[in-house]
Amino acid sequence: MEPKIKEYDVIVIGGGITGAGTARDCSMRGLKTLLVERLDFSYGATGRNHGLLHSGARYAVTDKESATECIQENMILRKIARHCVEETDGFFITLPEDDLAYQRTFVDACHAAGIRADIIDPEEAKRLEPSVNPTLTGAVRIPDASIDPFRLTMANIYDAQLHGAETLTYHEVTDIIINQNRVEGVRCLDHITGQTKEFRAKVTINAAGIWGALIAQKAGVTVNMFPARGALLIFGHRVNHMVINRCRKPANADILVPDDTVCVIGTTSDRVPMDTVDDMRVTPEEVEVLLREGEKLAPALASTRILRAYAGVRPLVAADNDPSGRSISRGIVCLDHETRDGLAGFITITGGKMMTYRLMAEDATNMACGKLGVDKKSETASTPLPGSEPDAPKPAKKTVAFKAAEGRHGTLTTAFSLTTDIVDDALVCECEHVSVGEVNFAINNLNVHNLVNLRRRTRVGMGTCQGELCAARAAGVMCRQHEDAANVKTDLAAFINERWKGAQPVAWGDNMAEAQLTATIYEGLCGLNQYARKEEVQ
Amino acid sequence: MKFDTVIMGGGLSGLTCGIALAKAGQRVALVSAGQSSLHFASGSFDLMGYDAQGAPVSNPPEAIKALPEQHPYKKVGDIAALAEQAQQLLLEAGIGTTGTATANHNRLTPLGAFKPTWLTTEGYVTIDGDKLPWTKVALMNIIGYLDFPTKFIADGLRNAGADVEIKPITLPELNEARKSPTEMRATNIAKVLGNQEVVTRLAAEINAKAGDAQVVLLPAVLGIKDDKLAQLLKQQITKPLHFVATIPPSVPGTRMQALLRKRFEALGGMFLNGDKVVAGTIAGDKLHNVTTEKLEGTKLVADNFVMATGSFMSRGLVSDYKKVYEPILGVDVDYIAERPQWTQNDVFDAQPYMEFGVRTDNQLRVAKDGTTLANVYAVGQILSGNNKLKLCNGEGLDMLTALAVANTIKK
């Protein structure tokens, strides 16, 4: 245990987008802030969704409040996080098996929520988006876009740090410290060192996504969450360049989003028991549903290589007067446990969606400021995130790696691309054009403890080869920074296994060939299996 | 065109079979799609490194006796004799090796691990047991070359008791090449270091940096056509020099492929490069001819055919959502029908798909729809019933099954 117990104004539990956004807002308002995350930033639902910047249209018919929140946040994120957003626009298409009459209801609901929604001719839709199912009978154009949740989270974390926040990954909350009906801090297990640590704060904010139910339990209060699991598939190239949705009541696998060099179909939606939320392996049944439904949006998916499958768990919250969970909202839930449960100094922020994170953060921070007697308004809606500032110095010559990195880090790229060392330009990852300089920047600045962290920061190993050779190169570069070679080899083995977790559910065709080649290189040629440990925590 | 034997596949197994048959006076055509798994080679030849329980093997012919009856090694006959024949074939192709079938030695991997192996290309690191032949090592690497993780290799050598110093080296030519971010790959570096004058300056750089080490270790980035430049470098270095395998692309593998092809062609074999067999005509229980992608309308007729097209990674086997199949002739394949059972959750567990392959009789002849084809043989990784990763036997299986089939055909 550390000799001195550290004191903060606010402790934020959870390093997903909600926690990251909350830490940013708190620190921008001058609060002394600590964020603790059990594993890695964006490990949970934040890193396991479509990467869709909803227009809100999907919710317009069923949940006007959510739809309005979405379109407002959509417009804000295009400005403050422009380096994370690709302005693609999208369609809601009607297929022969769908009811075309629903289109009118849909468009009216969109307009009522303030969402641009233009009915266009199916022929025009085919011209704008050639991959769309040619049998479509109707199309509505709406302002959907794609957003990179990993970048978005890191930009929030990085800015929180610039405003003085401390952020600790691999710190799992084991206890909530309560004294006379007041939460006074948390006890954490540091998974890297094995130490137990105590942190004190006047306010503790539970922003742990689905795991927030367990955090609330530790504090002795109940938040009625219903884990809703969603599986998705990533395809090896961008089949579509606009988002394609089905114009019907939300159902399985009815959204196809272009993200960077790939596209993503999803999701399934299944209520699952709370004790399965850490089991993210995708089942053959989920793969079958996703493929069958996905091909209806864009028939070319049938002949496109699937890179990997993944699943996340949405933190859906039942209203307090509805313990059965029949009336579930996707809206934001911000709970003051002092007024609700008589437990002071404790706030839960949950529900909502990845793309309404900023508003969620603002709500939670407003509540915390109220408790702390701080009278300062949120400025997150108008202050660009690091990487999205309007003006930043640029190098005279832009290398391939610089251009790729600029896509990932925006104006931050300058920080690691103006070096004079030519070795920094060497490419670690050829699929995603990740340079040695970018890897070093991530290791030094973005809380990178292992290769999976590095992948989430830079996209190393996310390209079509899924880490076939770049993983070994990245491990070598990691090793120059971290001295212990044996640990990095074990980490490399864990990384290859983590990639396999996503490839295994779709291991046929080219994927099986790639899996065998990867195994031939890492186990056959290199003997990496000699360093593998069972049951790795990622 | 009429041949004695047509071979499909230009990797280690296909070339071995082709060379053995051509040397016996046969008229052989070999159809090669281009790159083979030799491009991922270590520079060593594994015969059987581990037994079915994962324990290291010291005497492969003895250990092979314990394999199940349906294992392809059980269909080839005298393992030790074939192994000797294989080593001789390599030597005649210009690939000198050290090692013997009845006593494995260890090779040093690009991550610094030791793995039991049968033969190692001359000039590469070999280790008897766990004991290194030297205590003070200069481990050199070219600045900016990322496919040779020196810290990993040093870690492995230090664990075995060596005192290792890592020494970065470079030349003006390499500094120039580094300006293009993708140039620093083994085969490209081998081209930059591709003449005597550069090698002489490289030797001077190495000598200047070697210090008081007993031995110099260098990534295998020299000699893409033959080992003349490697020999020249050795002569000019004041200390013993050994090469260590790199992360692919593999320079020793590329060289082996070139030397084996050269040998095959010198023996009169016809090497159809960049082409592949797409179909065949079966009459009764025999394959009469095959057609290729490029030789439109020309049929390759032969008395015997050999399938050496490899496993999934070489596209000799193909899978889809529902099944596993052999794409050229559609011959019978051994695999598990239920797709979820093709794989295991842990990537380093024995993966069932690794043992999928074409079904053969005890002479390694394939079957179609349950009927054995009397003149079609399969060799190498396309065969069912072997896990090359767990048994650590890839090159041995390639060469020994190829030689066994060549011996059968010669009769």
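**Figure 1. The largest nonpolar core of the predicted model.** The largest nonpolar core comprises 311 residues, a nonpolar core being a set of buried Ala, Val, Leu, Ile, Met, Phe, Trp, Tyr and Cys residues joined through C-beta atoms within 7 Å. A residue is buried if 20 or more other C-beta atoms lie within 10 Å of its own, exposed if 12 or fewer, and partly exposed in between, with C-beta atoms placed from the backbone. The residues with the most contacts inside this core are A:Val428, A:Ala474 and B:Leu400. In soluble globular proteins, nonpolar side chains tend to be buried together. This is a predicted model, in which local features need pLDDT of at least 70 and side-chain atom pairs count only at pLDDT 80 or more, whereas totals for chains, interfaces and linings use all residues. Residues are numbered from 1 along each chain as its sequence is written, and chains are lettered from A and ligands numbered from 1 in the order in which they are written.

**Figure 2. Surroundings of B:Leu400.** Apart from neighbours within four places in sequence, B:Leu400 is in contact with B:Tyr73, B:Val76, B:Ile79, B:Leu82, B:Ala83 and B:Ala86. Two residues are in contact if their C-beta atoms, placed from the backbone, lie within 7 Å.

Figure 3. B:Cys392 occupies the loop between helix 10 (388-391) and helix 11 (394-410) of chain B; helices (H or I, at least four residues) and strands (E, at least two) are DSSP runs, numbered from the N terminus. B:Cys392 is buried because 27 other C-beta atoms lie within 10 Å. Its contacts, leaving aside neighbours within four places in sequence, are B:Asp46, B:Met48, B:Gly49, B:Tyr50, B:Lys115 and B:Pro116. Between the C-alpha atoms of B:Cys392 and B:Phe45 the separation is 9.5 Å, although the two residues are 347 residues apart along the chain.

Figure 4. An automatic or database domain assignment divides chain B into domain 1 (2-100 + 254-410) and domain 2 (125-244). The C-alpha centres of domain 1 and domain 2 of chain B are 33 Å apart. Seven residues from domain 1 of chain B and seven residues from domain 2 of chain B take part in the contact. On the side of domain 1 of chain B that touches domain 2 of chain B, helix 9 (residues 251-266) of chain B gives the most, with four residues. The residues of that side of domain 1 of chain B are two nonpolar, four polar and one charged, where Ala, Val, Leu, Ile, Met, Phe, Trp, Tyr, Cys and Pro count as nonpolar, Asp, Glu, Lys and Arg as charged, and the others, Gly among them, as polar.
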